[in-house]
Amino acid sequence: MHPAFSVVFFTTATGAGYGLLALLGLLGGLGFIPADFWLGLAGMALALGLIVAGLLSSTGHLGRPERAWRAFSQWRSSWLSREGVASVATFIPTALFGIGWVFLGKSGGWVAVAGLLTATGAAVTVCTTGMIYASLKPIAQWHSRYTFPAYLIFAAMTGSVLANALLQGFKLVSTAVLVWALLATLAGWGWKLATWQHNDRLEIPTTANTATGLAGGTVRSIEWPHTEENYLLKEMGFRIARKHSAKLRLIAQALAFAAPAVLLAIVFFLPWPLGAIVSVLAAVAQLAGMLIERWLFFAEAKHTVTLYYGR
């Protein structure tokens, strides 16, 4: 599959996991969500499970996974390294918050401080993930003002929809969380539409002529320097037909935004446990839709190096 499913799953799972973790840290630490053992255990397990699964899947994208630890040493210059450092650092306040909120049944005080640090660490980690892609100048579709905020918006969106499903499941209906989940979903939908509109109108001035500095004709490559596709061609030069892209965009919108928004709106009028069931369906549909949206995010991007191959 092109692009690599490991990266698609990584960005989807960690975004949702950190979004949920941030909400639990804020709302749980400050006492807006009660310190219930089973609720806390389920919420923390879901958030950390998504984060760990995403981080582990990202190592499958490496040629030498056993050397992944070396990426941490480049934090001064690499957003990928900063993401790794931030993700590990976030586990420290998360552990303290989990002990206090889940196992000791406390909120406020030092638990609230740990929760705020947990939420901050989660947000910072998502920011570093977004900057990995927003900082890549050779990929015009990513190097725009839409990429970085999208990661924060989608993390808040998927995290809040999961938080709503969690609270509904434990019969702790929170109108505020439900409203926030609905508004975040609509905001994510609007931002995605604006991003697609920007990318569709994007005019890339770089051509083979401007790249080589040659004029007086059309510069083209006579033959490839190798016989098989390399990493950049597989994942940064993937060609998707316009009709397939349009179809996948509709599916992504239906699953990630439209269906969850409608289902969340219906939850306002449903008693428990019907509200809980519909909330879970909204979360499942959204995660499935975000997998498609993330696949398109990578598939529709074009690296400038593809000019060298006549694309």
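In what follows, Ala, Val, Leu, Ile, Met, Phe, Trp, Tyr, Cys and Pro count as nonpolar, Asp, Glu, Lys and Arg as charged, and the others, Gly among them, as polar. The model is predicted, so that local features need pLDDT of at least 70 and side-chain atom pairs count only at pLDDT 80 or more, while totals for chains, interfaces and linings use all residues. Residues are numbered from 1 along each chain as its sequence is written, and side-chain values use heavy atoms, with hydrogens and water left out.

The structure holds 4 cavities of 30 Å³ or more. A cavity is a set of points, on a 1 Å grid over the protein atoms alone, where a 1.4 Å probe fits but cannot get out; lining residues have an atom within 4 Å of a point. Volume is the space filled by probe spheres set on the points, which are joined across faces, edges and corners. Two or more of the lining residues come from each of helix H1 (5–29), H5 and helix H10 (274–299), helices being DSSP runs (H or I, at least four residues) numbered from the N terminus. By class, the lining has 5 nonpolar, 4 polar and 1 charged residue.

Helix H5 (residues 147–169) also packs on helix H4 (residues 109–134), their axes coming within 8 Å and crossing at roughly 145 degrees. Axes are lines fitted to C-alpha atoms over the stretch in contact, and angles run from 0 to 180 degrees between N-to-C directions. The crossing of H4 and H5 is right-handed (the near helix is turned clockwise from the far one by less than a right angle). H4 contributes Ala123, Val126, Cys127, Thr129, Gly130, Met131, Tyr133 and Ala134, and H5 contributes Thr147, Phe148, Tyr151, Leu152 and Ala155, with contact meaning heavy atoms within 4.5 Å. Of these residues, 10 are nonpolar, 3 polar and none charged.

Lysine 171, in the loop between H5 and helix H6 (175–200), has a positive phi near 60 degrees. Lysine 171 counts as exposed because its relative accessibility is 54% (exposed is over 50%, buried under 20%, and partly exposed in between, with a 1.4 Å probe and protein chains only). Proline 34, in the loop between H1 and helix H2 (37–59), is partly exposed at 39%. Beyond residues up to four places away in sequence, proline 34 touches Leu39, Trp101 and Leu172.

Technical notes. On a 1 Å grid over the protein atoms alone, a cavity is a set of points where a 1.4 Å probe fits but cannot get out, and a pocket is an open set with protein on both sides within 12 Å along at least five of seven lines; lining residues have an atom within 4 Å of a point.
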